[in-house]
Amino acid sequence: TMTQTAFTRTSEQMSQDAATNMIEILQYDLYKAGYRVSTGQKISAAESLRVIFAADIGNTGTPKTITYAVGTTSQLTITSNANDRPLYRTVNSAASVNIVQGLRSFYFAYYDTGGYKMSYSPMDSAKRALIRGITVTATVEPGNPIDTTYIQAKISKAIWPKNLGVW
């Protein structure tokens, strides 16, 4: 019916908007990874569901520690979708903020100086120092289904922070 089509389109648009907004936030921060970091590690954790990096994201002259971490399905109870989870953004020791509703799947991938995908294990400090690119891949669904169907939006973005070095 026309009403069903309208609901489906709205649900589809909501998923696409959520995915796009999430990627814009990630891109803004990740592009700055290593910015004005003269001592210590630029990337202190590089995992499939979590990244921790240092950057002067506020252009204040003082680098901050930024963490992105995927939460569990039990941490997102405000939607009827039993399979969505939060993606938390934390700056220094401030409270974590969920930057997307309806995250169904998500992972980070890392690329080295040659542009090759790196394995996660072991990702020690020497290996993290070789990271030149980070890819974000995600699937987002609305918090509520249309009938019993969740309309997905899939998105992937490669980010090559210039402050991590030339690859």
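## Strands 7 and 8, and their sheet

Strand 7 and strand 8 run antiparallel and are joined by 7 bridges. Strands here are DSSP runs of E with at least two residues, helices are H or I runs of at least four, and both are numbered from the N terminus. Two strands pair if DSSP finds at least two bridges between them. Within this pairing, Thr137 sits opposite Ser156 in strand 8.

These strands belong to an open sheet of 3 strands, ordered 6-7-8 with antiparallel pairing. Strand 6 (103-111) and strand 8 take the edges; each has a single partner strand, so one side of each is left without a neighbour in the sheet. From one strand to the next, the twist averages 10 degrees, with axes fitted as lines to C-alpha atoms and angles running from 0 to 180 degrees between N-to-C directions.

## About the model

This is a predicted model, where local features need pLDDT of at least 70 and side-chain atom pairs count only at pLDDT 80 or more, while totals for chains, interfaces and linings use all residues. Residues are numbered from 1 along each chain as its sequence is written, and side-chain values use heavy atoms, leaving out hydrogens and water.

## The whole chain

There are 2 helices and 8 strands in the chain, and from the N terminus on they run α-β-β-β-β-β-β-α-β-β. The C-alpha atoms fill a box of roughly 60 × 35 × 25 Å along the principal axes.

Of the 167 residues, 41% count as buried, meaning under 20% relative accessible area; exposed is over 50%, and partly exposed lies in between (1.4 Å probe, protein chains only). The chain exposes about 8900 Å², with carbon and sulfur atoms supplying 53% of that; the areas come from the Shrake-Rupley method with a 1.4 Å probe, and for residues only the protein chains shown count as cover. As for contacts (heavy atoms within 4.5 Å), residues 24 or more positions apart account for 53% of those with a separation of 6 or more.

Walking across, strand 1 is joined to strand 2 (residues 50-55) by 3 bridges, and Ile43 has Phe53 as its bridge partner in strand 2. Strand 3 (residues 64-70) and strand 4 (residues 87-91) share 5 bridges, with Thr67 opposite Thr90. Then 2 bridges link strand 4 to strand 5 (residues 97-98), where Arg89 faces Val97. Strands 4 and 5 make a hairpin with 5 residues between them, and Asn92 in the turn has a positive phi of about 50 degrees.

## Two residues up close

Thr135 lies in strand 7 and is buried, with a relative accessible area of 10%. Setting aside residues up to four places away in sequence, Thr135 touches Tyr107, Phe108, Ala109, Tyr111, Ser156, Lys157 and Ala158.

Asn144 sits in the loop between strand 7 (133-140) and strand 8 (153-159). Asn144 is partly exposed, at 49% relative accessible area. Beyond residues up to four places away in sequence, Asn144 touches Ser80 and Tyr150. The side chains of Asn144 and Ser80 make a polar contact (2.6 Å), that is, a pair of N or O atoms within 3.5 Å; within protein, one must be able to donate a hydrogen and the other to accept it, and residues adjacent in sequence count only if both atoms are side-chain atoms. The C-alpha atoms of Asn144 and Asn81 are separated by 6.0 Å, although these residues are 63 residues apart along the chain.
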